[in-house]
Amino acid sequence: MTATENVAPGMPVATFTDAMSRLVSGLAVVTTRQANGRPCGLLVSSICSYSVDPPSVLVVVDHASRCRDPLAHCAEFGVHVLGHTEERTARTFASRGVDKFADVGWEWDGAVPRLCAAPIYLRCTTTAVFDHGDHTVLIGEVTRTALTEAEPLVCYRRLFHWRLRGSQVRSTL
Ligand SMILES: Cc1cc2nc3c(=O)[nH]c(=O)nc-3n(C[C@H](O)[C@H](O)[C@H](O)COP(=O)(O)O)c2cc1C
């Protein structure tokens, strides 16, 4: 098979984003409280486990996101890994909607807006924030988890109705 090759510098953005779209990723809604007391949240695919000791996750937020400043300055934030039935929630939090929380069930968990239906909830204390390029990296120590069984909502090649079904899992790590 012939590979399509590109060599930096001058890497076209579209080539880079096309390459990254071929990475299968889970999807999560990251939430926090704004200075005005209202909740905010956005959909991210850039979520990963960062360290075990302390138990930490890493999230990357675009400077253009309205959540960037609230997240960069918050003491705590929430991560909600979505299940396959939550495509609508994913689309809502990927939008620039005025009130993304209007049609989802949520409650305050201290200062963190918690989405009730998410199968994986992590409450995180912010431990590091730094900027690189046009994004901000957030590292949060996990202080609370709530887990329920669900098939994940996953994203591949810009589709997020792609389903990773339990029956197709052949081995575990
Ligand atoms: C599949 C998918 C993955 C995304 N991943 C990220 C991400 O990792 N980081 C990010 O800042 N934005 C990501 N976005 C874009 C935000 O969800 C989007 O810009 C959103 O409108 C930001 O909302 P806000 O301006 O209200 O914060 C993603 C969008 C989609 C559809």
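How do the residues of the lining of the largest pocket divide into nonpolar, polar and charged? They divide into 23 nonpolar, 11 polar and 9 charged, where Ala, Val, Leu, Ile, Met, Phe, Trp, Tyr, Cys and Pro count as nonpolar, Asp, Glu, Lys and Arg as charged, and the others, Gly among them, as polar.

Before going on, note that this is a predicted model, in which local features need pLDDT of at least 70 and side-chain atom pairs count only at pLDDT 80 or more, while totals for chains, interfaces and linings use all residues. Residues are numbered from 1 along each chain as its sequence is written, and side-chain values use heavy atoms, with hydrogens and water left out.

**The largest pocket**

Select Leu43, Val44, Ser45, Ser46 and His135, which lie nearest the centre of the largest pocket among the 43 residues that line it. A pocket here is an open set of points on a 1 Å grid over the protein atoms alone, where a 1.4 Å probe fits, with protein on both sides within 12 Å along at least five of seven lines, and lining residues have an atom within 4 Å of a point. This pocket holds about 1300 Å³ of space, a volume being the space filled by probe spheres set on the points, which are joined across faces, edges and corners.

Next, colour α1 (13-21), β3, β5 and β11 (153-156), each of which supplies at least two residues of this lining; β3 gives the most, with 6 residues. Helices (H or I, at least four residues) and strands (E, at least two) are DSSP runs, numbered from the N terminus.

**The ligand**

Now show the ligand, which takes the space of the largest pocket; a molecule sits in a pocket if more than half of its atoms lie within 2 Å of the grid points. The elements that give two or more residues to the shell around the ligand are β3 (39-44) and β5 (56-62). Of the 19 residues around the ligand (a heavy atom within 4 Å), Ser46, Asp62, Ser65, Arg96 and Lys100 come nearest. By class, this shell has 11 nonpolar, 4 polar and 4 charged residues.

For the polar contacts (pairs of N or O atoms within 3.5 Å), select Arg96, where a polar side-chain atom lies 2.6 Å from an oxygen atom of the ligand, and then Lys100, where a polar side-chain atom lies 2.8 Å from a ligand oxygen. At Cys67, a polar backbone atom is 3.2 Å from an oxygen atom of the ligand.

**The second largest pocket**

Select Ile47, Cys48, Ser49, Val57, Ile120, Leu122 and Leu147 to outline the second largest pocket, which has about 200 Å³ of space. Its lining has 6 nonpolar residues, 1 polar and no charged ones, and β4 (47-51) and β9 (120-132) each supply at least two of the lining residues.

**Two backbone stops**

Finally, go to Pro54, in the loop between β4 and β5, where a cis peptide bond with omega of about 5° joins Asp53 and Pro54. In the loop between β11 and β12 (159-163), select Arg157, a residue other than glycine whose phi has a positive value, near 50°.

Note on methods. A polar contact is a pair of N or O atoms within 3.5 Å; within protein, one must be able to donate a hydrogen and the other to accept it, and residues adjacent in sequence count only if both atoms are side-chain atoms.
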